[in-house]
Amino acid sequence: MSEQLQDISYMKSLYERPNQKWVCGKKSTGKPCLEGPDDRGRCQATFECSPRKEDDRWFCTRSQFLGGPCSQGPSPDGTCCRPVQKCQPIRSWRSWRGIVTCSIAVLTLAIVALILTLDGGTDLISPGALSTGHAGLEEECGTCHVSFNTGFSGWVISAFSGSIRAENSHRCQSCHNLGGHAMEPHSLSAERIEALRTEQKAGLESGPQMHNSIGGGLTVSLSRLLVSESPDLSCDICHKEHKGAGRNTTGISQERCLSCHQDQFYSLSNGHPDFVNYPSSRRTRIIFDHVSHLEKHFKEDKYSDKAPMGCGACHFPEVDGTKMVVYGYEYSCAACHQSQVSGYSLSGSKGVEVLGVPGLDIDVLKEKGIDIGEWPEEPYWTEDELSPFMKLLLSARPEFSKIEEVIQDLDLLLDLSDATDEQLEQVKNLAWIVKELFYELEIKGATALMENIRDSLKNELRNSTLIGLAAALPPDLIQSARQHWFPGLLREIPLYRNGESIQITVLTGQVDEQGTAGGETSDDDFSEEASEDAISSEDRASSGGWYREEYQLRYRPVLHADQFMKTWLDVSSQSSTAHGFRLFEFLERKNAPGACIKCHSIDKTTEKRLIVNWKIPVTDPNEHTFAKFSHTSHYSQLDEKACFTCHKIDKEADYAAVFDSRDFHDFASNFQPISRKICVKCHLPDQAGDSCVNCHNYHIGKFPPAEIHPKTFAHNING
Amino acid sequence: MKKRTTSHHPKRWDTPFGPDMSEKEVARVLTTKLFGGLDTDSFPQNLPLEKIILNDTRLIKYQKGDIIVRVGDYGSSAFLVVSGEVGVVLPPGLHRKMLGHSEPKKRSIFSCLASCFKRTRFPEVRKHGKPYFETGTGSRVDGEATRVYIQDVESVVSKYTVVKLSDGKMFGEIAALARTPRTATVFATQDVELLEIRWQALRDIRRYDEKFRNYVDTLYRKRNLITHLKNISLFAHLDDADLEQMAKHTLFESYGSFDWAAAYNRQKAKLDKYASIEEIVIVSQGDYMDGLLLFSSGFGKVAIQTNHGYKSLSTLGHKDIFGLEEIFYNWKYGETVSCQAGLWALGYADILRVPTFIIEELVLPKLPEEFISQIERKANSWVKESPAVIVDTDVDAGLMEFLVYHRYINGTQTMMIDLDRCTHCDECVHACANGHNGNPRFIRHGRKYNNKLVANACMHCVDPVCLINCPTGAIHRTEKGGAIVINDNTCIGCQTCAGSCPYDNIRMVEIRTDNGTVVLDESNNKPILKATKCNLCFGLPGGPACQRACPHDALIRIEINNQSALSEWINRS
Amino acid sequence: MKFKTRRIRNLVILLFVIVVMWWVIRIYSGALKSPHYLTGWLLVALFLFLTFYNIKKKLSVIPAGTNTSWLQLHLYAGLIMIFLFVEHLQWGLPRGGVECILAVQFVLVAGSGIAGIYFSRDFSRRLAEQDEQIILERIPQFMAKLRLDAEDLVLEATESTDSSTLADYYVACLARFFSRPQNRYAHLIRSNRPLFKLLNDLSAQNRYMNKAERKYTGRLEQLIRQKDMLDQQNALQKTLKGWLFIHVPLTYSTAILIPVHIVLVYAFGAV
């Protein structure tokens, strides 16, 4: 071992003082002064000793640590002969560390100050680029962050106000309008949620049970303990921004769903309840029996050329590919069903009687001397003397109710032999109101009709509807009809209104002085030859529209979706009056002209009102439902069974029967419910995925797409 | 044995105790009651009583009130009252402060906190520049020596129970011979002349003069022996009669020199580190075990012959026993095996030798069962195999020798640093400074062996040589805890302690006023010095701060003789 | 307790704590709460705790546990903090300016910490391999001493042997070696190459020396070895102190940025 460098003896080695701030600069030479620097780092050293005077002689008093008294001794004036050379003290390690620490701290403060004050600072504050959808908002942090424009002091304050995230979320909604309950679970009202819950419960009691397992395991059940009754559901809980362009800002984990939901299960494949009647939640609006068509009609020879080759012939996906819809009547149904609509295949009257002259027992009337003026004689009366239309129109007149009440006992107006005077009186009134009606129609035309309809239906109808109801009734037709039936009407009514009694005049076949023709003379307009090859007036109106048959004016549906029929069905179905409703019943008969109700089902709404389902409802692109499914994206999965892979025909189901009822809830679908097993084939964690959000939306309701920020709108107006 | 002869009497008397002892004084001394009664013929030719008196004694004068010895002091000389009268203050003695003893007060957490943050502008700042003494005492310089005196002797005499000793009376001999603390404070009740007899003289006189021997031994037996024996677990089951019996036969032996430290300091410079210094054979391997050896004070090392050297097995200190195994073995199996290992005195050792037959008659037969089986097991392997087998320590031999060689075995609070873990961060030093008003009280350097460093921090020795000859009693053992502390106020900077500490663990500092200027002694314009050292953070809660401050588990304050603790600490990794 | 057992025990506890935290974070996030807040505040708490260690060291006199146990806590808490930090960043990289600065600071602090503990354990051992432990502050004075010794020796050699071989060599190679600390990096990477080179070159000089001169080379060699020892002590001890010059200052500057980060996060209601 080489000899030691250090001498540890108490004389040679003095205390090290690393806790002192300054160290003598001469320490590195091994000969530091004893005084050492002061606390400001100034050298204190002067002389090695301060000599002692003893009777006029000076003695050296140098410290033993400097080697005791020196050889020369003090100079005669008593100053030490060994001045200590001044040094530049150096800092100790600790002191250096302190200085570095302080300066770096100061530097940091400076940087912070710069970031917070400089214009470019916000770029540094921003925690990252925005997603593609929000790109461009970088410039305007204040657009989304309420507190942004309040400056740092404001930030500090708002940092302590707990409400910031909620406020920001409202900013989000200024573009993304999620409705009134945006911040509540599933953006639904508490009531709605409650309703759904009970519904779900009920469904689960009756329907397939789900394993009430510990869902996402212990983790979830512990999370549930943390979830408060009213969780703070600000947007940022699930939507993460500033993750950089092209990053998805949405994401909700399985666990998060399970932490709220009462019924716990692992995944679609494990514990998810089976589908109840999915996808059909009600009977179809258009009555189309897939079974009968596929099994029977399409196989018949006469239709063989018209029968579709596959589902695609009638069904096609909506633009977004989610829902399958039908091409519509013209493309899919008309080929076979047009004749029914136009009424070719209809026996008897092919049009609806709208206006008509009731037949009266004029012999009795004459004999009793009831003054009803002109009245055509013995026309080919129909059984029912007043059509529901006539009744409806007449019901507009105040007298009518009384008339009805009195004459209802009479089984037939054509036999008044044993009618009481009162009844005869009312028959007279009836005759006159009928005449009044025609008089009005003649001199006022369609206007009169429309007014009459309005009064009779006793409810406000939009003009467009009235026009539809009047269906372009041609005035000439009215006039010609009047000339045939009541030639003198224009003369009689004013007199009648003046209270004069006009003798009953029976119009016989021959033409009177005015040259107007009587009742059955219609065919007599033709020459012999003409009447040879003339066809019945019913057939003459085969293209549909208004026509006169005997003492009636009828309307024959023109094409599918005939305005007249449609409007009358709609209006009458809604009507509150007895006559209105009777008319509806009249029109919705299976064999009624147009046969609308053969295919268009009628539903009773929750408000106990009837509606005719004219159309398959189109899905609103803004509608967000709980479940989402895209047909097109599943095309690739189909095997040779094509659509039937999932949609399995249910031959047993009695599809047609249920439509007699008007409750759309009870129904028998042509198809078996989609089975969960089919989905589970692919929807597994490591394949198509089986998390909640694969098939379910979180936000439920009708949300418009992100609006333009109102601010920008205002800007442009104000230039 | 050679070493014994050479080093036991290192050219004695080349430095006489008192420079100014002349034939005349010697003659005067010989007229005193004590020396007059001695039988001069019993002294050997080469060691006549006169010469002993001439070289190993000195006459000192004390003025009225001067304190001569303090209770608790260590001293290696006895005093004979030549003329005048001294007062022995019986317990309860003088107030500690009057003896110059005073420890730092207990400090509250808050004051500690404050001290952590207080930045000391200058090192070693003191309130009082010059040493000052508590009310009732004062100090004066008498030639070389400094005397502390009691101002109002009469009131002390009246207030305390004071036994007067007049001329011819001797005091302090037991403390001197047995190296035990002074049992009472003695002060001069009037101007007095004393003969101070240093331990060498006492020992020789005791050895050669029967009367003196009996006088001292009876005193010693009365005061110390019985209690000492009582405290030894091996004898716990003995009744007083037996103990009396045993005490009667017990012999006192003293090896080495009391001022071993000085000798050690002198020699360690000259010798190479492998030589053993100041080690005196007490029992050689192979000697006949004529008695059981009890350590009353000092240290010994047990070693066995290995080729041309001796391998240290363990060290023995106060209350330790040597030789039980052999004695037991012989007693049990009727054999006569000789001593299996050698015993050396390190520096000095006071031994009580209890003759074998006493042990065999009194102790062993009545020994409780558990003892028997325990000792039997030990004895068997000790004798049949080798003492090395059962010495219960896995402190590696090299380190053992290192600790022994440098006498660190003396330490009860030795600062050891495990250099494998020490990152030189100086946290220990900072902590120490915080605890002592911004002044470290040790230096993080010292002798190292392999990866263990013994730092220069006071070890609070079992045998505190630094206490010897402190003129003002400033350095002393605390009443509680027994740490060695220096009363800064009464320290006069004489450097006696610093000089006599064999470990260089006491350092002198030049003190300053709180504006940083070094305080000079107006009498001689020299900077006022104070002796400073580790005071074991006395008064601070939680023990020595250095150990608590070490973040890396590198530093420990440890009693070297506590072998199990030591080995546990050494073999941590 | 042996260091090994302590280490194993602590690592087990550490692992357990991390697993629990990982789980708690998942639970928390499951409960429709943002885990960033949880991890963030945990980080703040840990940061304060870790920083407190520095203060605790200053309060060494207060009996509040040994610094050893505090350091152990400091180390393992630091490791936990690293885990939390990664979780806080969601195992990704920060994008914002402030976040980046913070992250870099954290990485530096944590990194320097890990480096530090490596130095503390490894360099200490290497320092212990020397015959002597020199107090860092005293190294320069011993270097000066060695330099003087060497110069005296060479002069003496030149005078007594009136040959300049040693002197020439000293001026050529050794003067620089003795003048200031040398071979810092060599020592950091445990390389003895510089020493070997010097000694070999020195012994190579023997060819031009007579017996008398060669006596001096022996002594000179010893001086070189001592100087090399000093160089090593200097290099290692300075590194042992140096790493704290990154660790501590950056900690405090992080302490300044953290509140800013928190205010921004809360003011902008970001997560």
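# A tour of chains A, B and C

Start by selecting C:Arg126 and C:Asp122, whose side chains form a salt bridge with the closest N and O atoms 3.7 Å apart. A salt bridge here is a side-chain nitrogen of Lys or Arg within 4 Å of a carboxyl oxygen of Asp or Glu. The two residues are four apart in helix α4 (residues 97-128) of chain C, so about one helical turn separates C:Arg126 from C:Asp122. Helices (H or I, at least four residues) and strands (E, at least two) are DSSP runs, numbered from the N terminus. C:Arg126 is buried, at a relative accessible area of 3%, and C:Asp122 is buried too, at 17%. Buried means under 20% relative accessible area, exposed means over 50%, and partly exposed lies in between (1.4 Å probe, protein chains only).

This is a predicted model, in which local features need pLDDT of at least 70 and side-chain atom pairs count only at pLDDT 80 or more, while totals for chains, interfaces and linings use all residues. Residues are numbered from 1 along each chain as its sequence is written, chains are lettered from A and ligands numbered from 1 in the order in which they are written, and side-chain values use heavy atoms, with hydrogens and water left out.

**More salt bridges**

Stay in chain C and select C:Glu221 and C:Arg225, a salt bridge with its closest N and O atoms 3.2 Å apart. Both residues lie in helix α9 (residues 211-242), four residues apart, or about one turn of the helix. C:Glu221 is partly exposed at 30% relative accessible area, and C:Arg225 is partly exposed at 42%.

Next, select A:Arg17 together with B:Glu124, B:Arg126, B:Arg441 and B:Asp488; salt bridges that share partners join these residues into one network.

Now go to A:Glu54 and A:Arg52, whose side chains meet in a salt bridge (2.6 Å, N to O). Which of these two is buried? A:Arg52 is buried, with a relative accessible area of 16%, whereas A:Glu54 counts as partly exposed at 33%. Over all chains, the count comes to 58 salt bridges.

**Surface patches**

Select A:Asp123, A:Glu138, A:Glu139 and A:Glu140 to see a negative surface patch. Patches are made of residues with over 30% relative accessible area and no salt bridge, with like charges joined within 9 Å and nonpolar side chains (Val, Leu, Ile, Met, Phe, Trp, Tyr) within 5 Å. Lys and Arg count as positive and Asp and Glu as negative, while His and the chain ends are not counted. The place of a charge is taken as NZ of Lys, CZ of Arg, CG of Asp or CD of Glu.

For a nonpolar patch, select A:Leu107, A:Ile111 and C:Ile101, which make up about 240 Å² of surface. Accessible areas come from the Shrake-Rupley method with a 1.4 Å probe, and for residues only the protein chains shown count as cover. A:Leu107 belongs to helix α1 (residues 93-117) of chain A.

In chain C, select C:Gln90, in the loop between α3 (67-88) and α4. C:Gln90 has a positive phi of about 50 degrees although it is not a glycine, and it is partly exposed, at 40%.

Move to chain B and select B:His460, in the loop between β19 (452-456) and β20 (475-477). B:His460 also shows a positive phi of about 50 degrees without being a glycine. Is B:His460 buried or exposed? B:His460 counts as buried, at 1% relative accessibility.

B:Pro365 is placed in the loop between α13 (356-363) and α14 (369-385) of chain B. B:Pro365 is partly exposed, at 47%.

**Whole chains**

Finally, zoom out to chain B, with 20 helices and 24 strands. Its radius of gyration is 25 Å, close to the 25 Å that the globule rule gives for 573 residues, so chain B is as compact as a globular protein of that length. The radius of gyration is taken over C-alpha atoms, and the globule rule is 2.2 Å times the number of residues to the power 0.38. Buried residues make up 59% of the 573 in chain B.

Chain A has 29 helices and 15 strands. Its radius of gyration, 50 Å, is well over the 27 Å that the globule rule gives for 719 residues, so chain A is more spread out than a compact globule. Its C-alpha atoms fill a box of roughly 185 × 65 × 45 Å along the principal axes.
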